[in-house]
Amino acid sequence: SIVEYTQALEALQKNDAALFKRHITEAFWLAPSHAAQFAPLIDDMRIEEAMKKITLDLNLKFKNQKLENQSTSLKSIVSGSTAFLIHFWSPWVNQSVAAMAEIATISNTLIKNKIPVASILLSSTDEGRRDADKFLFTKGADNPGHWLVDTEKSSLSSLMRVSSFPTVVLASKEGKILFNGDPANGRLWNILRALNPLILRHKKDLVLPKIERKTTTPTKNRE
């Protein structure tokens with residue numbers, strides 16, 4: 001089952017749905033007791049397949065977290081670039097906050113290589129916005145890129161099926177989804193290098209804290 005699981009991982013990295021399905025099915029048959037370990041891979045492939053059918057509306061506007069009473073469209077973010085990165089976050093999820101330093105490093109690398117970055121706050125409630133603003137202006141002031149607030153209607157995080165942290169989405173200038181998942185995933189960096197060979201992955205970007213899939217709507221951590 002380990003061999004089949006490993007081959008399923010390789011197929012997922014290559015975005016080969018048919019090969020992935022064959023190997024992960026065989027892994028299930030060989031080790032049904034490990035189903036809980038295999039399930040996240042299946043979720044990843046389902047998301048990947050769903051993303052192929054989506055084209056982002058680049059005219060969609062979001063409230064700008066740094067500029068009061070101003071909105072920013074995805075079109076203005078991508079501008080003349082070949083692609084852009086969206087980072088979803090919440091001040092109420094410890095893993096999301098803990099990943100901010102690494103996200104800043106990634107953002108600086110991409111922006112330097114003409115790949116714009118936008119961080120989108122998942123919570124649009126008054127309490128969520130207050131906590132996010134407090135974090136941004138006290139601990140996240142050095143983080144580059146655009147800082148936006150997701151919309152309640154036609155939520156981008158819901159469309160992108162965000163269910164774990166950290167999560168980033170790489171989209172083309174036409175709004176096609178090139179990648180959706182963990183920024184530590186090697187496939188993201190392979191795609192980025194294909195867009196711009198000068199983009200290099202930092203060693204410290206290899207592992208980021210991760211939260212299990214639970215909900216697309218973060219609730220305040222009261223621990």
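1. Strands 1 (residues 61–64) and 2 pair antiparallel, with three bridges between them; Lys61 sits opposite Ser73 of strand 2. Strands and helices here are DSSP runs numbered from the N terminus (E, at least two residues, for strands; H or I, at least four, for helices), and two strands pair if DSSP finds at least two bridges between them.

2. A word on what you're looking at: this is a predicted model, where local features need pLDDT of at least 70 and side-chain atom pairs count only at pLDDT 80 or more, while totals for chains, interfaces and linings use all residues. Residues are numbered from 1 along each chain as its sequence is written, and side-chain values use heavy atoms, with hydrogens and water left out.

3. Seven strands make up an open sheet with mixed pairing, in the order 2-1-5-4-3-6-7. Strand 2 (71–73) and strand 7 (177–181) are the edge strands, each pairing on one side only. On average, neighbouring strands are turned by 30° against each other, direction ignored. Axes are lines fitted to C-alpha atoms, for helices over the stretch in contact, and angles run from 0 to 180 degrees between N-to-C directions.

4. Helix 7 (residues 126–138) packs on this sheet and touches strand 1, strand 3, strand 4 and strand 5 (146–149); contact means heavy atoms within 4.5 Å. The direction of helix 7 makes about 140° with that of strand 4.

5. Five bridges join strand 3 to strand 4 (residues 117–121), running parallel, where Ile86 stands opposite Ala118.

6. Helix 9 (residues 186–195) has Arg187, Leu188, Trp189, Ile191 and Leu192 buried. This helix lies across strand 3, strand 6 and strand 7, at about 155° to strand 7. At the start of helix 9, a side-chain oxygen of Asn185 comes to within 2.8 Å of the backbone nitrogen of Arg187.

Key:
Buried means under 20% relative accessible area, exposed over 50%, partly exposed in between (1.4 Å probe, protein chains only). A polar contact is a pair of N or O atoms within 3.5 Å; within protein, one must be able to donate a hydrogen and the other to accept it, and residues adjacent in sequence count only if both atoms are side-chain atoms.
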